[in-house]
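Hi,

Here is the structure I said I would pass on. Have a look at it, then read my notes on the salt bridges below.

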Amino acid sequence: MTVRLAVVEDKVLLVDVEDPRPEFPDSKAAIEGEKGRGLMYVRLLSAQVTWFLPRTPSKTVQARLLPDASM
């Protein structure tokens, strides 16, 4: 598993978690918090969560956390 963090345009925090298993059969349920808790907590932080299959046989789950406008 590989985790990458980066601050990109407009101070957005980008978190990529690469998993060597390309399958993600319950991706929608996991992102919605219906299966497991990790992605649910990320969504509670108002993150935009997506996932994709890179060129290698793996998958990457990506969260984009927007800066808090009140700060």
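Arg 21 and Asp 19 pair through their side chains in a salt bridge, at 3.1 Å from N to O. By that I mean a side-chain nitrogen of Lys or Arg within 4 Å of a carboxyl oxygen of Asp or Glu. Asp 19 is buried, at 10% relative accessibility; buried is under 20% relative accessible area, exposed is over 50%, and partly exposed falls in between (1.4 Å probe, protein chains only).

Before you go further: this is a predicted model, where local features need pLDDT of at least 70 and side-chain atom pairs count only at pLDDT 80 or more, while totals for chains, interfaces and linings use all residues. Residues are numbered from 1 along each chain as its sequence is written, and side-chain values use heavy atoms, with hydrogens and water left out.

Searching the whole structure turns up 5 salt bridges. Among them is the one between Arg 4 and Asp 16, at 3.9 Å from N to O. Arg 4 sits in strand 1 (residues 2–8) and Asp 16 in strand 2 (residues 12–19), so this pair ties together parts 12 residues apart in sequence. (Strands are DSSP runs of E, at least two residues, numbered from the N terminus.)

Arg 4 also bridges to Glu 18, with the closest N and O atoms 3.3 Å apart. Glu 18 is in strand 2 too, so here the linked parts are 14 residues apart in sequence. Together, Arg 4, Asp 16 and Glu 18 make a network of salt bridges.

How exposed are the three? Arg 4 is partly exposed at 36%, Glu 18 is partly exposed at 21%, and Asp 16 is buried at 10%.

Cheers

Methods: Helices (H or I, at least four residues) and strands (E, at least two) are DSSP runs, numbered from the N terminus.
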